[in-house]
Amino acid sequence: MDEVVEEVLPHLPPVLMEELVEEVLPRLPPVLMDELVEEVLLRLPPDEPTWFVRSSTVCKPWRRILAAPRFRRRYGEFHGTPPFLGYFRFDATFVPTSALVPAQPDRPGLISLDCRHGRVLLATSDRYTQPIELIVLEPLTGQESRVPCPMHRGRMCSASVLCAAQGCDHHTCQGDHFLVALLSTDWQRRVTSGWLYSSETRVWSELTSLHHPNVKSASHMGGRSVLVGDALYFNVDVIIKCQLGTLSLSRFEKPVDVKGCLMTAEDGGLGFAAVVDVRILTLWSMETGPEGAVGWARFRLINLEILLPDGALLTPTHEYGISFVSGFAEGTQVMFVSTYVGCYMVDLKSGRVRMVSCSRENILPYTRFYFPAMKAASTDKEQ
C-alpha cells in the first residue's frame, strides 16, 4: 500500500487529488481508512492551506487526524521545507499569498528587519528622536514580545531573529525561546559592534567589536541576513559573520560590488546572488581551497530574459530600470527578483516563476507550515 501511495499520489493533478480526497477515500472499508487516509493527507500541498480546511470537513475521523500533534509533526518531517505564505514589506506590511493566511494589522511607525523560523522582527522607525524598540512577532498567532534595544538612539542597525529551542527542527516553531542578533556601526570611529539577546534570560550579551574601515554611513540600516550552521551572515557594505557560539564578528568582501542577496547554496553553505550584465542572474558559493584559503566560486548563470515572462525586463536607461535580487527564502532554492514591472518569485530548482508583487521592492519572505485552526472530533489523547 505504501508503495502505491509513494508512486501515484505525488503525480496526481489537483482535480484528481480533489476527487480522491472528497469522494473516493470516504467510501473505502474502515479497516483501510486510518492508515491510508493519513498517508494521503500527508501529501496535501503545503503552500495552499485550503486543502486542510476542505479535508477536515469530510468527516470527523479525518478532522481528528488533521488536528493531532502527531500528524503535524509527520507532515513537517515529510515535506521538510516550509512553504512560502507571503512576505513583509519594509514598512512592516504583510502581504499573504493565500486567502486563509491571516492578514496582519497595519503597524504605523514600524519597519521589518528580518523573518525566520515563523517569526518576524520589527523595529520602531523613529530612531533619531526615540529609543529603538524591537518587536518579535509570530504572525499566525499574533503573539509578540518586546525587546529593549541596547543601542543609543540615532544609530543605524541590522538585526536578525531565530529560534533558540533545543532540538527544534524549525518546521512548526511556535511560542518557544528565541535569539535576536543586532549589529551597528559607528561610522565615525569605523567600528562595528554586536549584541545577542536571549528571550530565556532576557539579557543582551555583547559580541567582540570589529574594525570596519571605509564603512558607508547608511550601510547598516536593515541589512538582510542568512543563517548557515551556527553563524549569521549580514549583507551590508561588506559581509559580516556573527558566530553565535563564540559571540565573535568577522568580515569579508562580497564576490561582486553590485546590489545582491545572501542565500543558502546548494550544498547548504553560504551563497550570494546578484543580477549582473543587466539580464544575467549569477550565483556564487563560498568554498575552501585545498590549502585552506576561503573564497567565492561562481557556479551558475541564469538568463532572466529566457526565465521571466515577456516584458518583465527593461533595458535600463537609469538606475531605476536595473533588475536586482530582492529576497531569498532561507532553507529553499527560492529567490525573488525585482524588475521594472514588479517582483517575481523564482524557484531555482524547478525553474517555475510567478509574479508576487506589482511593486519593485525588497521583501522578507515568510515561510511556515500553516494548519488552520480546527478542533479534533474526539477527546482521545493523540501522541
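Modeller: Two strands pair if DSSP finds at least two bridges between them. Helices (H or I, at least four residues) and strands (E, at least two) are DSSP runs, numbered from the N terminus. This is a predicted model: local features need pLDDT of at least 70, side-chain atom pairs count only at pLDDT 80 or more, and totals for chains, interfaces and linings use all residues. Residues are numbered from 1 along each chain as its sequence is written, and side-chain values use heavy atoms, leaving out hydrogens and water.

Biologist: Which residue in strand 10 is the bridge partner of serine 198?

Modeller: Strand 9 (residues 191-198) and strand 10 (residues 203-206) run antiparallel, joined by 4 bridges. They form a hairpin with 4 residues between them. In strand 10, serine 198 has as its partner valine 203.

Biologist: At what angle do helix 5 and helix 6 pack?

Modeller: Ile65, Leu66 and Ala67 of helix 5 contact (heavy atoms within 4.5 Å) Pro69, Phe71 and Arg72 of helix 6. The axes, lines fitted to C-alpha atoms over the stretch in contact, lie 5 Å apart. On a scale from 0 to 180 degrees between N-to-C directions, the angle is about 60 degrees.

Biologist: Which are the edge strands of the open sheet?

Modeller: Its order is 20-21-22-23, with antiparallel pairing. Two strands pair on one side only: strand 20 (324-329) and strand 23 (353-357).
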